[in-house]
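Biologist: Please show me the sequence and the model, and then take my questions one at a time.

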Amino acid sequence: MQLFREVRNQYTQSVRKAKASFFRQKFASCSSNSKNFWDTVKSMENKSTSSQLPTALRLGNTVTTDKSMIIENFNKHFSTAGHAFLLTTPTSANSSAPPPQPAPPAVTRPSLSRFSFTQIQIADVLKELQNLDPYKSAGLDNLDPLFLKLSAALSQPLLPACSTCLSYRLRSPRIGKLPQSSPSSKGETPLTQTVTDLYPSCPAYLRSSKAKSTKKVTDHLESHHTFSAVQSGFRASHGCTSATLKVLNDIITVIDKRQYCAAVFIDLAKAFDSVNHHIIIGRLSSLGFSDDCLAWFTNYFADRVPCVKSEGMLSGPLAVSMEVPQGSILGPTLFSVYINDVALAAGDSLIHLYADDTILYTSGPSLDTVLSNLQTSFNAIQHSFRGLQLLLNASKTKCMLFNHSLPAPARPTSITTLDGSDLEYVDIYKYIGV
């Protein structure tokens with residue numbers, strides 16, 4: 001095994017050196033010619049995809065093999081994914097189901113300073129390029145991070161165009177909105193590839209500029225302690241490992257005290273696709289974002305028209321009225337802002353949020369009391385999610401009891417959804433991919 005590691009490491013180093021040498025040779029031929037530089041960049045971009053349409057698609061009781069119909073239905077799937085909550089919300093006045101609750105009010109944060117976008121300087125873009133991790137995977141444009149990092153010094157005279165372009169997009173983010181989606185290579189589950197953050201002339205360099213803008217947003221949020229202490233998704237020093245260790249430590253502490261512990265692992269249906277734009281704008285307003293920023297974000301969300309491209313075919317565009325653009329730089333941060341205050345509804349139970357994965361858990365010396373408190377907190381969390389127009393996926397939301405060394409009934413009291421469905425008790429659950 002040791003020999004394998006040594007050979008593998010030597011191979012990796014050789015490949016990295018060869019790539020660096022190849023990229024330097026590419027740049028050597030265009031050090032003083034901007035046209036050659038951009039031609040080199042474009043030659044390194046991804047020009048094709050391996051996605052293929054399925055040969056057939058079931059639509060209700062019929063099966064179609066017409067490629068144009070298949071691609072249009074894929075686009076319909078992507079464009080209406082966020083309508084799950086609205087489609088399942090009863091509209092009849094005679095419905096026995098409880099009406100959806102209003103969005104939970106944003107927490108009042110006193111003396112919050114105002115935030116506004118500032119001019120992106122050339123030095124900012126250059127620094128982002130120089131700080132790239134050269135060993136990360138390439139983005140949708142297939143430009144190798146090492147290629148971009150090595151190009152930083154050479155591209156410095158050309159960055160004013162990117163800086164000017166970004167400044168214009170900060171005023172008019174509607175430019176270049178064309179999310180494209182591709183069916184998966186298996187021909188079964190659609191795979192969305194959103195390219196809203198790309199720019200036709202200098203995608204990676206503009207994206208580096210937008211990363212700088214996004215960092216300013218996150219720095220503002222973090223400096224004012226905006227995010228709940230129990231939210232770990234998309235934050236520096238808050239990852240899968242820290243979130244898992246926090247939850248495990250809480251549960252093990254309870255087990256050591258020989259108390260009961262019960263948890264609900266909450267799954268949401270199409271959470272990122274279901275973000276209500278009016279609610280998120282309200283959240284940003286309460287966090288000190290200036291009127292200009294709110295107008296920019298409103299424009300950023302508006303008039304998005306995704307389409308699906310596969311095998312040289314392009315579907316017609318369909319408008320999207322909700323979602324945070326997935327694959328975008330801002331999307332994860334905006335979603336974190338959107339769900340942040342859900343944690344306030346947990347009451348006496350503990351909660352941890354990681355993107356759209358939520359665990360709600362509580363403990364005590366009496367199992368009946370534990371399950372009763374968990375049900376109360378779960379009801380409040382459901383109301384909070386409904387206020388955000390986020391739909392609970394009851395079939396994938398599970399319950400779990402810990403500390404099996406304590407006496408417990410063979411069939412413990414059921415935890416139920418607001419719609420009256422009993423959640424399944426499980427012994428194993430894959431939490432945030434672990």
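What follows is a short exchange on aromatic rings and nonpolar cores.

Modeller: This is a predicted model, in which local features need pLDDT of at least 70 and side-chain atom pairs count only at pLDDT 80 or more, while totals for chains, interfaces and linings use all residues. Residues are numbered from 1 along each chain as its sequence is written, and side-chain values use heavy atoms, with hydrogens and water left out.

Biologist: How many aromatic pairs does the structure hold?

Modeller: Rings of Phe, Tyr and Trp (its six-membered ring) pair if their centres lie within 6.5 Å; planes under 30 degrees apart count as stacked, over 60 as edge-to-face and the rest as tilted. The number of aromatic pairs in the structure is twelve.

Biologist: Is the pair of phenylalanine 22 and phenylalanine 23 stacked, edge-to-face or tilted?

Modeller: The centres of phenylalanine 22 and phenylalanine 23 are 5.8 Å apart. With 55° between the planes, the pair is tilted.

Biologist: Is phenylalanine 23 buried or exposed?

Modeller: Buried means under 20% relative accessible area, exposed over 50%, and partly exposed in between (1.4 Å probe, protein chains only). Phenylalanine 22 has 39% and is partly exposed. Phenylalanine 23 has a relative accessibility of 4%, so this residue counts as buried.

Biologist: Why is the pair of phenylalanine 234 and phenylalanine 272 edge-to-face?

Modeller: The ring centres of phenylalanine 234 and phenylalanine 272 are 6.3 Å apart. The pair is edge-to-face because the planes are at 80°.

Biologist: Which residues touch the most other members of the largest nonpolar core?

Modeller: A nonpolar core is a set of buried Ala, Val, Leu, Ile, Met, Phe, Trp, Tyr and Cys residues joined through side-chain atoms within 4.5 Å. The largest one has 67 residues, and those touching the most other members are Phe289 and Phe297.

Biologist: Which residues are linked into a cluster by ring pairs?

Modeller: Phenylalanine 289 is in contact (heavy atoms within 4.5 Å) with residues including Phe115 and Phe297, leaving aside neighbours within four places in sequence. The cluster linked by ring pairs consists of Phe115, Phe289, Trp296, Phe297, Tyr300 and Phe301.

Biologist: Which residue lies over the face of tyrosine 300?

Modeller: A charge sits over a ring if NZ of Lys or CZ of Arg is within 6 Å of the ring centre and within 35 degrees of the ring normal. Arginine 16 lies over the face of tyrosine 135, at 3.5 Å from the ring centre. Over tyrosine 300, at 4.6 Å from the ring centre, lies arginine 304.
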